[in-house]
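Subject: Structure for you to look at

Hello,

Here is the structure I promised to pass on. Please open it first, then read my notes below.

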Amino acid sequence: MMTQKDLEKYLWSAAVILRGTIDAGDYKQYIFPLMFFKRISDVYDEEFEIALAESDNDLVYAAFAEHHHFQIPEGAHWNDVRETTVNIGLALQNAMRAIEQANPDTLHGIFGDASWTNKERLTDAMLTNLIEHYSQQKLNLKNVPDDKLGNAYEYLIKEFADDSGHTAAEFYTNRTVVKLMTMIMDPQPGESVYDPTCGSGGLLLNCALHLKSEGKEYRTLKLYGQEINLLTSAIARMNMFMHGIEEFDIVRGDTLANPGLLENDELKKFNVILANPPYSIKSWDKDSFINDPYGRNVWGTPPQGCADYAFEQHIHKSMNEENGRCIQLWPHGILFRDSEKKMRKAMIETDTVECVIALGKNLFYNSSMESALLIRRTNKSNKTKGKVLFINAFDEVKDEKTISYLLEGHIDKIFKSYSDYTDLDGFSRVVSNEDIMKNDGSLLVTNYIKSTRISDVSTIKFEDVFAKWNENSTALKSSMNSLFENIELGAES
């Protein structure tokens, strides 16, 4: 069995083969489909051998569909492509399409739309190197269990994000923030979890892994997501399978223009919603939202230059009425911008806003922008009704050059404060909805808890400053006199 470190090194080495000819941002469209193709081929062989042993070497029995997670048609196995010597890209493409067609309910479109036949980008020699590299190890369940492969897959997603920079935000959310979001949402067995802009599926997966780590039945969790990008939605689906998760539904499409998860011609409702939506989108169909067929414009229509509250209202309409809860990672603008004041006030009036957590800077990829978590609940407890908890966690962050992250101590401190729902000097404060509305409906944390990063000039008294200056001047004068006296005494002797 491969160690986690060896597996990660082995998988990342495949990307190194592409360096120099393929942009770092494009690695994922080739590496992930190849890796998944190898995985399902090796697992198919493993299942075939198990069935063969059970049936006293009955080849027909071993090939029965019920013995296999996925069907691999004749000529579409990894080994078939490996034996190809010319036009390898075409052989790969044909094999992947054949597998998708043989598994229409689970694998339709999962290999993405990469151009495997473009020999200017992928020569036969390069593809041979890639295939031979992957052929060195068996990626079956015995050699690489689901949890190990899933961790390695997440490792690759992060490495690709680090390498590609500008494309990272499309499919990667800071994992330490994801952990905090999952702890706050506290998904339970049997509940439904939804991410309307799911990227590579990290937020959804972490809910299942959170339950698994607690020893609870995670396989009954129902995971749903929508992603606009074809490749990224395919990566999300592969990500689920790589982690051994099979009960999920991830649809491709524009969540605002064409929500894909419906029930009785209305938006499907979910117990838990987690999201890191694309922020301040300008090119969206505002005109259609004015007359939205799903009634999502409950608080109004956002301005053309910023679709943030379109996503927030979509989430609002998607929450289960009895125990729906949601958590969104947003830049701070959504909390105070004048252009959205009317909608923000309408949101506060629903009494669904439970908590706002101001996080530190640099938690978004390729941006030093500060972020905040907006937490809402359809059915708040008696303790939280009519109130909002503000948490100032600006300083709870480990700042690195390219990306910051939360340490365990940061996560524990923030989560405890959220759970306690009480005032803590300089860190958290419970404020009534009435007082928030008096403050023009602003949800900006620093309006309620002073930031340690900024001196509040209004609290500084001139006489205190003058007294301190005078005290320091007297001390300095005394020190200087003593110094000169010592110099003179030294000269005399």
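What is the mean pLDDT of the protein chain, and what share of its residues reach 70 or more? The mean is 88, and 88% of the residues reach 70 or more. Keep in mind that this is a predicted model. One stretch needs care. Over residues 453-462 the pLDDT is below 50. Beyond near neighbours in sequence, that stretch has five contacts in the model.

**Overall make-up**

The protein chain has 493 residues, and 51% of them count as buried. It has 17 helices and 11 strands. Take the contacts with a separation of 6 or more: 74% of them are between residues 24 or more positions apart.

**Nonpolar cores**

Which residues have the most contacts inside the largest nonpolar core? They are I31 and I357. This core has 103 residues. Helix α2 (residues 27-54) gives the most to it, with 13 residues.

Look at I357 in the model. Leaving out residues up to four places away in sequence, I357 touches I184, S371, A372, L373, I375, I391, A393 and I414.

Start with helix α7, residues 124-134. Its buried residues are D124, M126, L127, L130, I131, H133 and Y134. They pack against α1 (4-18), α2, α4 (78-82) and α5 (88-102).

Now helix α14, residues 341-349. Here M343, R344, A346, M347 and I348 are buried.

**Salt bridges**

How many salt bridges does a search of the whole structure find? It finds 23.

- R39 and D146 form a salt bridge, with the closest N and O atoms 2.9 Å apart. R39 lies in helix α2 and D146 in helix α8 (residues 146-164), so the pair ties together parts that are 107 residues apart in sequence. R39 is buried, at 5% relative accessible area. D146 is partly exposed, at 27%.
- R97 and E100 meet through their side chains in a salt bridge (3.3 Å, N to O). Both lie in helix α5, three residues apart, about one turn of the helix. R97 counts as partly exposed, with 27% relative accessibility. E100 counts as buried, with 8%.
- K416 and D420 also meet in a salt bridge (2.7 Å, N to O). Both are in helix α15 (residues 408-420), four residues apart, about one turn of the helix. K416 is exposed, with a relative accessible area of 53%. D420 is partly exposed, with 30%.
- D308, R337 and E340 are linked in a network of salt bridges.

**A buried charge without a partner**

D195 lies in strand β1, residues 192-195. D195 is buried yet has no salt bridge. How far away is the nearest side chain of opposite charge? That side chain is R175, and it is 8.9 Å away. What is D195 in contact with, leaving aside its neighbours within four places in sequence? The list is L203, L204, Y224, G225, Q226, L274 and A275.

**Cysteines**

A disulfide is a covalent bond between the sulfur atoms of two cysteines. How many disulfides does the count come to? With a cut-off of 2.5 Å between cysteine sulfur atoms, the count comes to zero. Are C306 and C355 buried or exposed? C306 is buried, with a relative accessible area of 9%. C355 counts as buried too, at 0% relative accessibility.

When you open the model, I would view D195 and the R39 and D146 pair alongside these notes.

Best wishes

Technical notes. Residues are numbered from 1 along each chain as its sequence is written. This is a predicted model: local features need pLDDT of at least 70, side-chain atom pairs count only at pLDDT 80 or more; totals for chains, interfaces and linings use all residues. Side-chain values use heavy atoms; hydrogens and water are left out. pLDDT is the predictor's confidence in each residue, from 0 to 100. Contact means heavy atoms within 4.5 Å. Helices (H or I, at least four residues) and strands (E, at least two) are DSSP runs, numbered from the N terminus. Buried means under 20% relative accessible area, exposed over 50%, partly exposed in between (1.4 Å probe, protein chains only). Lys and Arg count as positive and Asp and Glu as negative; His and the chain ends are not counted. A salt bridge is a side-chain nitrogen of Lys or Arg within 4 Å of a carboxyl oxygen of Asp or Glu. A nonpolar core is a set of buried Ala, Val, Leu, Ile, Met, Phe, Trp, Tyr and Cys residues joined through side-chain atoms within 4.5 Å.
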